[in-house]
Amino acid sequence: MLMDTSDMICDTYPGEMIGREYMENLYGEDMDRVLHSVVKLKNAVIGNNKQKFHMMSLGVVGRLLEFIQNERAAVGLRTESAIVLGSLAKGSQANVKRLVDSGVVPILLQCLNNSNLKFVEGCLRCLRSIFTSQAAPVELLYTDPGVVPHMLDIVSQSPTTQECICSILAQCCKTSEHQGLLYSNGVIESLAPLLASKMYKVQMPALRVFCVITYTNQIVSSAVASATVSERPLPDLLVELCLRDKSVEMQMSSAKCLTYMCRANALSSQDSKIVYKALPTLIRMCKKDRRLEERVEGAETLAYLIEVDLELQRIASYSDHLIPTLSEFLRYPSTQTTVMDLKRLDYDMKHSYELRAAALMAFASLGANDEDIRKKIIETENLMDHVVCGLSDPVIRVRLAAVRCLHSLSRSVQQLRTSFQDHAVWKPLMKLLQNADDDMLTVASSTLCNLLLEFSPSKEPMLESGAVDLLCDLTKRDDPALRLNGIWALMNMAFQAEQKVKSQILVALGTDQLFKLLSDPDVNVLMKTLGLLRNLLSNKPHIDHIMGMHGQQIMQAIVLILEGEHTIEVKEQTLCILANISDGTTAKDFIMANDDVLKKITNYMIHANVRLQIAATFCISNLVWNEEEGALERQMKLRDMGVQKLLQQLLSSSDTVLFDKVKTALQQFT
Amino acid sequence: MTGLTSGIVRQQQKAKMADSGDSSAAERNNSASETADERLKRIYSMVNEKETPLPRSWSPKDKYNFIGLSQNNLRVHYKGIGKNHKDAASVRATHPIPSSCGIYYFEVKIVSKGRDGYMGIGLSAQGVNMNRLPGWDKHSYGYHGDDGHSFCSSGTGQPYGPTFTTGDVVGCCVNLIDNTCFYTKNGHNLGIAFTDLPHNLYPTVGLQTPGEIVDANFGQQPFVYDIEDYMREWHQKTRVTIESFPVPDHKGEWQKTLQRMVSTYLVHHGYCSTAEAFAKSTGQSFTEELTSMKNRQRIQKLVLAGRMGEAIDTTQSLYPGLLERNPNLLFVLKCRQFVEMVNGTDSEVRGLSARSPKSRNSSGSSTGSEYRSSPSLSPSHHRMDTQRANGKIERTYVTGNKSPNTGELINTKSNPSTSANQDHASVAEMNAVNSVTNGFSSNQVDVEMEVEEYNSQMVCNGVSSRVNDGASTSYMNGCSHNSQHREDLMETDDFDTDKEVQSQRRQLCGGSQAAIEKMLQFGRELQGMSVQLRRQYDKNEANKKVLQVKLHLTDTPVYYKCHSLGGSYRA
């Protein structure tokens, strides 16, 4: 096997001369000589990118593929050819691309059916190099439906097949369809034993496969959670790979896999494997002594793990100085470090935005639910400055993370009143909303909702800077989440607002849009629109003013909703709007003059749902309120309609709230 | 450390030999059935309990009166009145944490938080006052349940972790490899609380209000926190360090490296003839000239003898420009000189005082266990202590100075009026010293502040004991800028330990008036220098480090003196 290649390498024009020579030899008749030259070729290209490129330019790939595909060729020749291809695939990205373009992948996948292990291994090595490169042609793996099952069949044959197949699958599982396909072909049973392998280079890619198949996939995650390896539960095995004397990569991946299983509801967030293993491991990965990539990955995974679980958020908030550790991410690279090493600086700069985004995401998760944690985060030195700066970061991922973080923190009444105001967060936020994509808009407008709450001091300046128009635009979006946020924010804005603001909203939104929203397919949007109406129609002068302008249309819309198929909550909200209208002075006439509506109200008084009964009674009570002008006539009309009798019947209600309302209403009748 | 690492390697090899996949499972099975002894042996496999027993229970002898013990001395309850912090009470474990542990861990379960839950869990050195919660005094460290703060030898805590209360399990881990400590709560690591810990600390708990009950687990029961996983990481780290240690010679030939190591060690410490002989027999060469080595040795001896002035002069004449180039080094040397002046050793004041320099303990046997001082004089630098026992040079350091004479003590006692007179004069000056030293501290980083503060208290205590009432007020004045809280704590001690302090009295600058003045003058110059240095260098990391070094330099001689005087008084 040992070839004397020194003469070729020392040749002054190695490429030209030898290349041609090789090609000629490859086309020779004597198969032994051909094999001999393939081996020589292998030795010539190994570790030499230039040589690889040159050989490929001469068309060596095509000839090698011919050998590989030739069923009658000696298996030795076919194997060596596959090995040379594998070597070529280890070169630059461009080389890999040329191989893919030459149609190497389907041929090699086909060859996996061969019974010679050495040959199959050669093919697998080459495929592994191709699929793990940046230009991996993922879909090619799934073109022939027989490939994946066959791979899983032969996986256990040797350490090389184990290693290569796991690496390929880990790289090629990108969508939930891929996950499903792998799962239905028994990937768990085939690969689970490999987690207990004694070989690191088998264990690690196998673990990676488990990470990619469990990610946001409940079915696969549950199956993994209940799988066993020689009678031990698979999750226990993952915990073992998480032990602190394992490699960092392995600890990270197993913590990640446990995280994915937890978020897919396959493991409880209270499970000790999560609380005492995955969580502390991820927190440890954020620490200063880890590499930047590891810190980023750790923080991102941590953010995902604790995103929706208060208890995990609490534990994380006091574990191992996590908050100060994460806030260091934001200061990276620190200005103090002297700029000596340019390479190092480049590396730092490349990672600094990833670190910032990861830390902000982690803060967003940490502060999602608990006021004390939010306080702790905000009290961290300069942190708010960094969040605000993040809102106008040049990198979009950082901006998005900063908005998420801000959104979490904006759930705190105290913060809205204090630090948010001190930092004038609304300014960069408004700017961000001007031309953001939908992802960004969703989070940013959610934050905006909170900033527009009645007690928030940001409300005023935001109104002045054109928030109303922006929000009205949002209500016209296709994405229901955006419509919801827009209308929600408007609702918050209208709450206890001045007449001026209310008019501004109505003008900007337009009644057409308002009624369009009242027939929105998304019930949440409908609810918030009704909420907006209710907030607009509060206190007498406002009610009369608005009803004076849009009374007709509003009444139409109300009738429409009361007649439609809607939930109790929607109907209740609508009756509340009627109650508000009936609290007006001139507005009362809109109801009194509409027998249809009055009829509906009385019907709801005897509805099976007590909440609707209460709302309807409240409405009546407002109409008959005896201190107001024209009360007597209204009482008479309603008495004629049998409302008083109805009220008396309702006195027997066991619901105390209803009883009180009924009593108040009856007292109004004179 | 060498013993430790080799132990770790051995353990690792053992683990390697066992089936790697199943070894931890086997371990887990073991832990269910193994006895307390087996557990401790396994966790602390490198500890020889015949020499250094592990803490296994609280000590019925080393506790304050208000502490009650039960359940094989593992349960601690409070039985005092618990009115205020003066009623705090602590108990130490029977033994200090053996250094050979590498990593040590114990847990405390809060059985009841009692009235207010003022519980402190931590570590303290032998001799630290037990009428306190751990963390309030020098060489005492604690994590307190009521506020979740950590206390590092100070009356004021730092925000550290969550609060803890009934039902919680709080763990304390001492890492003797990097001298840090972290706590855990219910199995969650709270992060590093203390760094630069001395060795030979005892597990300690302190309680302060009635009804407080805590149970300790020194490893007899499985721990809530997975400490073995933490140990595993350190074993791995150590192994990797050893494995990846670069060998500059060919293919792992260690001989040359080892020889070079010995040779540079000998040269560095100025063992000229040995170095010469060694170099000859191993075919190595060293560049430094013999005379230079001898010169360095001479300076070293002067420094070790406390004759700082001479040491500085010699350095300046032999290596002109060296100290000018290293103003920080000069500053450190001068700080030390100031300390030596105060205790009368330095040559600047030595000529002026009637007596020969104050002695240093020559026995070298001052282990922590013999040392009991009042808390206000507390610092016993155990770390220095152990280093001394290990290193070779430090042993030669203890030169045969004159031992303290008891005659002198009797003398001052029998003439109280004269000495009081003399001291009244010096009280005023002492306040001046205070302001000088305070001046330092305000200009220095935090670490140093404590040293300075502490020094000034040392001096003042000496004074106040002599003049009793008259002086103690001015002492308080002198100290009050430092820290209100601290002063509060100090107060009680002053009276408690007055007697002890009196017995340990020594004279400032060897008792010479002229020397005192000179010392004060020197102190002022030193302050000027510190201000200037700060202006020049701001606070760079190196400077900080230098000042930390100084902390040890200034502390140690004092400790030694206290010990030797105490000893002679008892005799």
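Which residue of chain B forms a salt bridge with K277(A)? In this predicted model, the partner of K277(A) is D226(B), and the closest N and O atoms of the two residues lie 3.2 Å apart.

**View 1. The contact between chain A and chain B.** Chain A contributes 15 residues to the contact, and chain B contributes 22 residues. The two chains bury about 1800 Å² between them, and carbon and sulfur atoms account for 45% of that area. On the chain A side, the residues that lose the most area to chain B are R244(A), D245(A) and Y318(A), which together make up 38% of what that side buries.

**View 2. Salt bridges and polar contacts across the interface.** Between chain A and chain B, 4 salt bridges are found, including the pair K277(A) and D226(B). The interface also holds 8 residue pairs in polar contact, with both residues of each pair at pLDDT 80 or more. Two helices of chain A, helix 19 (272-285) and helix 21 (310-318), each supply at least two residues of the side that touches chain B. Helix 19 of chain A gives the most to that side, with 4 residues. By residue class, the side of chain A that touches chain B comprises 5 nonpolar, 2 polar and 8 charged residues.

**View 3. The salt bridge between R244(A) and E233(B).** Over all chains, the structure holds 50 salt bridges. One of them joins R244(A) to E233(B), with the closest N and O atoms 2.5 Å apart. This pair crosses between chains: R244(A) lies in the loop between helix 17 (234-241) and helix 18 (248-263) of chain A, whereas E233(B) belongs to helix 4 of chain B.

**View 4. The open sheet of chain B.** Chain B contains an open sheet of 7 strands in the order 2-3-14-5-10-11-12, with antiparallel pairing. Strand 2 (67-70) and strand 12 (188-194) of chain B form the edges, each pairing on one side only. On average, neighbouring strands of this sheet are turned by 25° against each other, direction ignored.

View 5. Strand 3 (residues 75-78) and strand 14 (residues 212-217) of chain B pair in the antiparallel sense over 3 bridges. Within this region, H77(B) stands opposite I213(B) of strand 14 of chain B. Helix 4 (residues 227-243) of chain B packs on the sheet, where it touches strand 5 (103-113), strand 10 (169-175) and strand 11 (180-185) of chain B. The direction of helix 4 of chain B makes about 160° with that of strand 5 of chain B.

Note on methods:
Residues are numbered from 1 along each chain as its sequence is written. Chains are lettered from A and ligands numbered from 1 in the order in which they are written. This is a predicted model: local features need pLDDT of at least 70, side-chain atom pairs count only at pLDDT 80 or more; totals for chains, interfaces and linings use all residues. Side-chain values use heavy atoms; hydrogens and water are left out. Contact means heavy atoms within 4.5 Å. Buried area is the accessible area (1.4 Å probe) that two parts lose on being put together, summed over both. A salt bridge is a side-chain nitrogen of Lys or Arg within 4 Å of a carboxyl oxygen of Asp or Glu. A polar contact is a pair of N or O atoms within 3.5 Å; within protein, one must be able to donate a hydrogen and the other to accept it, and residues adjacent in sequence count only if both atoms are side-chain atoms. Ala, Val, Leu, Ile, Met, Phe, Trp, Tyr, Cys and Pro count as nonpolar, Asp, Glu, Lys and Arg as charged, and the others, Gly among them, as polar. Two strands pair if DSSP finds at least two bridges between them. Axes are lines fitted to C-alpha atoms, for helices over the stretch in contact, and angles run from 0 to 180 degrees between N-to-C directions.
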